[in-house]
Structure formats: structure tokens, C-alpha cells
Amino acid sequence: MTAPSTFGLSSEARNLHWLLTNLVEEVPGIRSVAVVSSDGLLLLSSDPGRNEEARQARETPRAGPRGSAADLATVVSGVGSLTVGAARLMDFGPVKHTMVAMDEGSLFVMSISDGSLLGVHGSAECDMSVVAYHMALFVGRAGHVLTPELRSELRKSLEPESSVSSVSSEPTGSAR
């Protein structure tokens with residue numbers, strides 16, 4: 001995995017990037033990771049630079065959620081929402097984590113804080129208990145720093161550069 005650029009980010013955002021990179025590099029079998037806000041928006045990903053690759057992957061079969069962090073975030077958000085609804089119906093308290101085992105891989109979803117979620121796509125060979133343990137460590141370290149300000153900063157850092165540079169360069173107050 002190539003480390004995402006953290007230039008210009010706060011120390012808290014850089015620390016979260018480091019924790020996420022460490023999770024992916026240290027735990028065997030993890031293919032991709034996404035941190036999703038309570039409203040379903042991608043905040044942090046193990047593969048933020050793969051957006052173009054993900055667009056091309058839609059035409060080529062791949063292992064996993066199309067290779068895109070946005071696709072993983074969508075799945076994580078949906079699973080999180082479904083399990084929260086089920087927990088409310090059953091009146092058993094909040095959801096702590098969800099694991100989905102498939103023939104060729106696994107999906108793990110764990111609550112972080114304020115409805116934010118950590119989602120991990122693992123290979124079929126991954127040790128589910130090891131992945132869950134390391135996810136719990138990440139949540140324990142990241143949960144208290146994931147403030148509204150940091151979530152906003154992380155969202156802005158994932159926005160494409162073109163949306164920032166597309167602001168009109170026309171001087172203000174010019175006569176027409």
C-alpha cells in the first residue's frame with residue numbers, strides 16, 4: 001500500500017492516517033479499510049489514490065468491492081444502517097461490530113464513535129479474530145479524536161482537487 005499524502009493536514013488527521021496505514025500493513029489478510037461518517041460519507045481510506053483505477057475496474061472483474069474506497073464505504077454504511085435498525089427492533093442496545101463471512105473474503109464493520117464506522121474487507125485466508133482484535137485497537141485509539149472538526153477536515157481532504165480549483169478566478173468587485 002502506498003501511503004496517502006498527509007501534507008497540510010492537522011496532527012490528529014495525520015495520526016489517523018498513520019493508524020489506518022499501520023492496520024493495513026500489520027494485519028495479514030486485510031485488503032482495504034474505510035472509515036465512514038454517520039451520514040455515510042467516506043472519511044478515511046486505505047486506498048484514496050485509487051479512484052481512477054476504480055473507474056476502470058468497473059469494466060474488469062476484481063476481487064472485492066470494485067477496488068474502490070467509495071464502494072467499500074457504501075457497503076459499510078449500508079451494513080451499519082441495517083444492523084442498527086435490527087438492534088432497535090430487538091431492543092438489545094447499540095451494535096458493537098458485525099462480521100460477514102463469504103466464500104472468498106470477509107467484511108467487518110465496527111462502531112467508532114457518534115455513529116462513525118470502521119469497515120474492513122479481508123481475504124478468505126484472514127484470521128477473523130486477529131482482524132477484529134486489531135480493529136478494536138484502532139477504534140480505541142481513534143474514537144476519542146474523531147471530533148466533528150476532524151471529520152470535516154478528513155472529508156475535505158478526500159474531495160477531488162478539481163472541485164477546489166474550479167472556483168472562479170474572476171476578481172471580486174470588478175465592473176461589468
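**A quick tour of a predicted model**

Q: Which residues form a nonpolar patch on the surface, and about how much accessible area do they have together?
A: Keep in mind that this is a predicted model. The patch is made up of L89, M90 and F92. One of them, M90, sits in helix α3, which covers residues 69-90. Taken together, the three have an accessible area of about 430 Å².

Q: How much space lies in the largest cavity?
A: Rolling a probe the size of a water molecule over the atoms shows where empty space is left. Searching the whole structure with a cut-off of 30 Å³ or more turns up 1 cavity. The space in the largest cavity comes to about 40 Å³.

Q: Which elements give two or more residues to the lining of the largest cavity?
A: Let's look at who lines it: the residues include G80, T83, V84, H97, T98, V109 and M110. By class, the lining has 5 nonpolar, 5 polar and 1 charged residues. The elements giving two or more residues are α3, β3 (97-102) and β4 (105-111).

Q: What is the bridge partner of A101 in β4?
A: Start with the two strands: β3 and β4 pair in the antiparallel sense, over 6 bridges. A hairpin of 2 residues takes the chain from β3 to β4. Within this pairing, A101 has as its partner in β4 the residue S106.

Q: Which helix holds the R155 end of the salt bridge with D39?
A: The whole structure has 1 salt bridge. It joins D39 to R155, with the closest N and O atoms 3.2 Å apart. These two come from distant parts of the chain, 116 residues apart. D39 is in the loop between β1 (30-36) and β2 (42-45), while R155 belongs to residues 148-158, helix α5.

Methods. Residues are numbered from 1 along each chain as its sequence is written. This is a predicted model: local features need pLDDT of at least 70, side-chain atom pairs count only at pLDDT 80 or more; totals for chains, interfaces and linings use all residues. Side-chain values use heavy atoms; hydrogens and water are left out. Patches are made of residues with over 30% relative accessible area and no salt bridge: like charges are joined within 9 Å, nonpolar side chains (Val, Leu, Ile, Met, Phe, Trp, Tyr) within 5 Å. Accessible areas come from the Shrake-Rupley method with a 1.4 Å probe; for residues, only the protein chains shown count as cover. A salt bridge is a side-chain nitrogen of Lys or Arg within 4 Å of a carboxyl oxygen of Asp or Glu. Helices (H or I, at least four residues) and strands (E, at least two) are DSSP runs, numbered from the N terminus. On a 1 Å grid over the protein atoms alone, a cavity is a set of points where a 1.4 Å probe fits but cannot get out, and a pocket is an open set with protein on both sides within 12 Å along at least five of seven lines; lining residues have an atom within 4 Å of a point. Grid points are joined across faces, edges and corners, and a volume is the space filled by probe spheres set on the points. Ala, Val, Leu, Ile, Met, Phe, Trp, Tyr, Cys and Pro count as nonpolar, Asp, Glu, Lys and Arg as charged, and the others, Gly among them, as polar. Two strands pair if DSSP finds at least two bridges between them.
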